[in-house]
Amino acid sequence: MTKYRFPEGFLWGGAIAAHQAEGGYLENGKGLTTVDLMPIGPKRWNILLGNLSSFKPEEGEFYPSHEAIDFYHRYKEDISLFAEMGFKALRLSISWARIFPNGDDKQPNEAGLQFYDDIFDELLKHDIQPVVTMAHFDVPIHLVEKYGSWKNRKLIELFETYSITLFNRYKDKVKYWMTFNEINMLLHMPFVGAGLVFQEGDNKIQIQYQAAHHQLVASALAVKACHEIIPEAKIGCMLAGGATYPYTCHPDDIQKAMDKDRESFLLIDVQSRGEYPGFVNRFLKENNLTIEMEVGDKELLKNHTVDYIGFSYYGSRAASTDPEILKQITSGNVFASVENPYLENSEWGWPIDAKGFRITCNQLYDRYQKPLFVVENGLGAMDIVTSEGKVQDDYRIDYLKKHLTEMGEAIQDGVEILGYTSWGPIDIISNTTGEMKKRYGYIYVDKDNAGNGTLKRIKKKSFDWYKNVIATNGEVL
Ligand code: BG6
């Protein structure tokens, strides 16, 4: 039992992304996207970083997103399971290439628009609010080939057309929006975050910061359009979150931890406060970088800030200046960080830190003074189906229980939180590794890393647990 209930109307639910769930590869006019070119296996990591050799899927490689968990055809069954758990919200993303197959088409693809209409209708039928991410790591590949993706300013105008199309079409159905998933990801995984592909000799950081500026302007234009077309809607930014701790109280470690956090905050500082923070000038100067802006950019950024701060939280990070400590690096969702000796790691080496969740919530709220929306959190683990066909995922329940307790504490600290959508409420494919066996769900999907399996859905032990959390509005965890 917790000592309190969560706020009335708290949006409990789950979160998925188009390319990790849908499948329906190239169906009904969908165009090829960046994520369709990410195979499972040794080549994947290199591609995620922007080293892509072909703009087509290669013979002999297995691309998990092409079928994923076939949400494209099974969404009704899946949504009814979410409804059975009592979901109030489902966060999902729209695939840009279902709506504009090439990204720069003159007319949108009606079949793609209709697909999401059907999903939203199905959700609303069950009183589940759609929370929509407009870009969750998938850029139409034509835009990468023709324009170099987000390194080109042209993408701003194309994204604006895409966003206006979405707002006009779904204005009566979708009241919660987000522009770019984990916008800071493009500084770490440029192909994932922005479809950036590098050539020999490219000044990568320069390209990344310029691409980030283009996304920020595109995001501001989307916020503007959303506020004009759906005045009652809320639109947010989305950060790959997780506070950075100094490894020791040595001032150098404190400074480094602060710098690391600022690197994460930089882009949402712009989205939330409307201007680049002061520290960016020094960073640009010391790294010989320039961000080219056009007249009017600053005004757009200033006038069209987000309504809430969406973020993912998988764990905290740690920073040190000690060369010996720096040898102990952990993977932690892409953001390499020094190993924190006080924390345990998941099977994939991601630090598990429930208290860090409370700290991160407080840190973000103190900084932005805007409502937060926890749009990703969860434990990626290997589940085993017993001979009776059950999945006893007590470790997941334990992880979530501790995290929800800390989120409750953050609310008691005064942090305003709109909702909590845990990552992958049904097992989906992993973004970083492409694996199926890295599972987050309350619902097991019968499929393995090689793509074998019946795709049958099985309720795990955590299914009933989460159902009860929602039914009691977080009072019973
Ligand atoms: C976030 C992404 O970075 O982490 C998701 O927004 C991703 O797309 C999630 O799936 C978990 O990462 P992974 O690699 O375990 O799937």
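**A tour from N152 to the cysteines**

Select N152: leaving aside residues up to four places away in sequence, it touches Y147 and H214 (contact means heavy atoms within 4.5 Å). This is a predicted model, where local features need pLDDT of at least 70 and side-chain atom pairs pLDDT 80 or more, while totals for chains, interfaces and linings use all residues. Residues are numbered from 1 along each chain as its sequence is written, and side-chain values use heavy atoms, without hydrogens and water.

Stay on N152. It sits in the loop between α6 (141-147) and α7 (154-170). Helices here are DSSP runs of H or I, at least four residues, numbered from the N terminus. Buried means under 20%, exposed over 50%, and partly exposed in between, with a 1.4 Å probe and protein chains only.

Next, select residues 204-229, helix α9. The helix has 26 residues and spans 37 Å from first C-alpha to last, close to the expected 38 Å (1.5 Å times one less than the number of residues). In α9, 20 of the 26 residues are buried, so the helix is largely enclosed by the rest of the structure.

C249 counts as exposed, because its relative accessibility is 70%. C361 is in no disulfide; the nearest cysteine sulfur, in C237, is 14 Å away. A disulfide needs two cysteine sulfur atoms within 2.5 Å. C361 is buried, at 0% relative accessibility. The whole structure has zero disulfides.

Note on methods: Helices (H or I, at least four residues) and strands (E, at least two) are DSSP runs, numbered from the N terminus.
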